[in-house]
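Reader: I would like a close look at a single part of this model. Please take the metal sites, then the ligand beside them in the listing.

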Amino acid sequence: MTDHTLSIDLHLHSTASDGTLSPTELVNLASENGVQVMSLTDHDTTEGLAEAAIAAEKQGIQFINGVELSVVWEGKVLHLLGLNIDPQHPSIVAGMVNLRRQRDDRAERIAKKLAAVGLEAPMEGAKKHAGTGAIARPHFARYMVDIGFVKDFNEAFDRYLGRNKRAYVSTEWPELFDAINWIKEAGGVAVIAHPLRYKFTASWMRRLLKAFKSAGGDGMEIICGNYSPDEISTSIGYALRFGLQGSIGSDFHGHSNYSKQPGHLGKLHTAITPVWSQFILTV
Ligand code: AMP
Ligand code: MN
Ligand code: MN
Ligand code: MN
């Protein structure tokens, strides 16, 4: 089987961040869907990886350690996937400790703003959904839906949690270039997650991809979640133009906001070098 025809999903979330399935449940679902190679890429944490690796071994799935880092470039928040990282590497470990602190501080500030608009016990509510994991905005959103403060998840983002909405707080995430370095130092591959979701103009996109490539970035997602065929074509064009490899991932969170199921993705165009050619076992 060639690199391009594998059933592969390199962007998935579990309860270690804002997914609703435990790492084991997620791996089992991926296995039911016929996934052969998968990564777990929780936001700013590697805490689910050990459990997922054990479950994957049981299912005969090749498991790739991953993470989805929140980073800043030119004042804009982006998501950067680190695939095939060594989660024990000191650069990654230090980065995770800092990010956890930033997420905890941010959650307190979001909670304060939500309390100010009349939401009761926002921190306790978000923690009910986050468990021991780091708090992400969807945990607040789910609590707000639970108690009927908003009618659905989208309203929670549209009115309160989305960028520049009433309970939005800006956060000093790590710089893109620093995060690329952590990933590379930890033996990983740096991939820009869902590049078209940032709604950059074409000229900002070109600036980003050029800077990313010069800084040692490896690839970009070409097929992600519910990208349309047009978006996939646009992404192929960018990857070819800037000499970037391509990745695919569902960005599955286990809740209904993301329609794609683990592994239910198209195949990578054969003109694009798969990022996974750098790390998968030959099957
Ligand atoms: P955080 O990492 O805490 O900033 O939360 C970001 C996560 O919230 C994303 O990874 C998505 O899972 C979710 N999200 C962000 N924006 C929206 C939105 N407008 N509607 C629904 N979910 C969103
Ligand atoms: Mn998320
Ligand atoms: Mn993301
Ligand atoms: Mn994601």
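How are the donor residues of the manganese ion (ligand 4) spaced in sequence?

Author: The spacing is H-x1-H-x54-E-x182-D. First, the ground rules. This is a predicted model, where local features need pLDDT of at least 70, side-chain atom pairs count only at pLDDT 80 or more, and totals for chains, interfaces and linings use all residues. Residues are numbered from 1 along each chain as its sequence is written, chains are lettered from A and ligands numbered from 1 in the order written, and side-chain values use heavy atoms, without hydrogens or water.

Now the manganese ion (ligand 4). His11 and His13 each give NE2, Glu68 gives OE and Asp251 gives OD. These donors lie 2.1 to 2.2 Å from the ion. (Donors are N, O and S atoms within 2.8 Å of the metal, or 3.2 Å for Na, K and Ca; water is not among the atoms, so sites may look incomplete.) The manganese ion (ligand 2) is 4.7 Å from ligand 4. His11 sits in the loop between strand 1 (8-9) and helix 1 (23-32), and Asp251 in the segment after strand 7 (245-249), so this pair ties together parts 240 residues apart in sequence. (Helices, H or I with at least four residues, and strands, E with at least two, are DSSP runs numbered from the N terminus.) His11 and Asp251 are both buried. (Buried is under 20% relative accessible area, exposed over 50%, partly exposed in between, with a 1.4 Å probe and protein chains only.)

Next, the manganese ion (ligand 3). From ligand 3 to the manganese ion (ligand 2) is 5.6 Å. His79 belongs to strand 4 (residues 76-83) and His194 to the loop between strand 5 (189-192) and helix 8 (202-214), so the two tie together parts 115 residues apart in sequence. His194 is buried, at 4% relative accessible area.

Last, ligand 1. It is surrounded by 12 residues, and the closest are His43, Arg103, Arg106, Arg137 and His253. (A surrounding residue has a heavy atom within 4 Å.) By class, the shell has 5 nonpolar, 3 polar and 4 charged residues. Oxygen atoms of ligand 1 meet several side chains. An N or O atom of Asp18 is 3.1 Å from one. For His43 the distance is 2.9 Å. A polar side-chain atom of Arg103 is 2.8 Å from a ligand oxygen. Taken alone, ligand 1 exposes 500 Å², and the protein buries 80% of that. Helix 3 (90-116), helix 5 (137-146) and helix 6 (153-161) are the elements giving two or more residues to the shell.

How values were computed. Polar contact = N/O pair within 3.5 Å; in protein donor to acceptor, adjacent residues only side chain to side chain. Areas by Shrake-Rupley, 256 points an atom, 1.4 Å probe, with all protein chains shown as cover. Nonpolar A, V, L, I, M, F, W, Y, C, P; charged D, E, K, R; others polar.
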